[in-house]
Amino acid sequence: MDKKIVVALGGNAILTDDASAEAQQEALRKTAKYLVQFVKNGDNLVISHGNGPQVGNLLLQMANGSTPKNPPMPLDTDVAMTQGSIGYWMQNAMDEVLAENDLDKDVATIVTQVEVSKDDPAFADPTKPIGPFYSKEDADAQKAEHPDFTFVEDAGRGYRRVVPSPKPISVKEYRVVNHMVNDGIIPISVGGGGVPVVKDGNRLVGREAVIDKDFASEKLAELVGADSLIILTAVDNIYVNFNKPDQKKLEHVTIAELKKYMDEGQFAKGSMLPKVQAAIEFVENSDHGQAVVTSLENVGNFLSNGSGTIITK
């Protein structure tokens, strides 16, 4: 009760096979019904979310519809645009579900800037998947049309465009998030990992990149002194030997055990690995916090009996 928690939503909480605004709004209404359980539990909620599919689709729309007089926007601006659109849908859905449950809470979206280092090696090595999955043939066709794009095979699920993914150093608006939580407001922050910016004197300058939303959520949770970082993904638990006959789900696990499994290569680079790394960073950098990895659908079980993967020191 009365805990400050940062909940990081995976892409499945927003996007289905239908990329229309109506379908994504409907998906978020379903998501809100799960998230409201935290509010009913008495938790002080901070929501973050990914935007990989949305920002990738926006980039394609801009590339296909741009003209010299109406050029496409840079990637940092696209991240800000999807923060606004997804945040609007999310706060609208949360408002509706809170009212249905007679909960008097305000929800607001913060266009969030996340500071990264201009010297981060990620700028020379694009790795962050954005946009839809493609077959090899479709990825080759996209590459031919957009030679500056980079495509890679993503965890056996198809090919996706990848962009630089620098690590977050700080969250510019974390104090705003804290003020909102202290005033009983539910903030939606670091959407899509936040807008990547670097310091240039007194200016913050946007960079063409996408920050991993799990790392940005971890940094925000750390800065606001959250009691828990809860990463919601497609599975109820983290597994070792995933999809093998001897697969094993992890329930209560220490960071030392997780690091051992990481060294064994247990976690897929494009999917579970960043979640595990973010969870470890939060627990290591928190005096009393824990990290949880579970699914959106398992929120009720987690709140009632601790079901999920719980990571502690």
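N243 sits in the loop that links β13 (238-240) to β14 (248-250); helices (H or I, at least four residues) and strands (E, at least two) are DSSP runs numbered from the N terminus. The model is predicted: local features need pLDDT of at least 70, side-chain atom pairs count only at pLDDT 80 or more, and totals for chains, interfaces and linings use all residues. Residues are numbered from 1 along each chain as its sequence is written, and side-chain values use heavy atoms, with hydrogens and water left out.

**Loop residues with positive phi**

- N243 is a residue other than glycine with a positive phi, near 65°.
- N243 counts as exposed, at 64% relative accessibility (buried is under 20% relative accessible area, exposed over 50%, partly exposed in between, with a 1.4 Å probe and protein chains only).
- D102, in the loop between α3 (75-100) and β3 (106-109), also has a positive phi, near 55°.
- D102 is exposed, with a relative accessible area of 72%.

**Helices α7 and α8**

- The axes of α7 (residues 255-263) and α8 (residues 272-285) come within 10 Å and cross at roughly 150° (axes are lines fitted to C-alpha atoms, for helices over the stretch in contact, and angles run from 0 to 180 degrees between N-to-C directions).
- The two helices α7 and α8 are therefore roughly antiparallel to each other, a label for angles over 145 degrees.
- From α7, the residues I255, L258, K259 and M262 meet L273, V276, Q277, I280, V283 and E284 of α8; contact means heavy atoms within 4.5 Å.
- By class, seven nonpolar, one polar and two charged residues make up this contact of α7 with α8 (Ala, Val, Leu, Ile, Met, Phe, Trp, Tyr, Cys and Pro count as nonpolar, Asp, Glu, Lys and Arg as charged, and the others, Gly among them, as polar).

**Nonpolar cores**

- The largest nonpolar core has 40 residues, and I238, L258, F267 and I311 have the most contacts inside it (a core is a set of buried Ala, Val, Leu, Ile, Met, Phe, Trp, Tyr and Cys residues joined through side-chain atoms within 4.5 Å).
- Elements that each supply at least two residues of this core include β1 (4-9), α5 (174-182), β13, α7 and β16 (290-295).
- Helix α8 gives the largest share of this core, eight residues.
- Leaving aside neighbours within four places in sequence, I311 is in contact with I238, V253, I255, L258, A279, V283, Q290, A291 and V293.
- A second, separate core of 30 residues includes L45, I86, M94 and I230.

Key:
Parallel < 35°, antiparallel > 145°, perpendicular 65-115°, else oblique.
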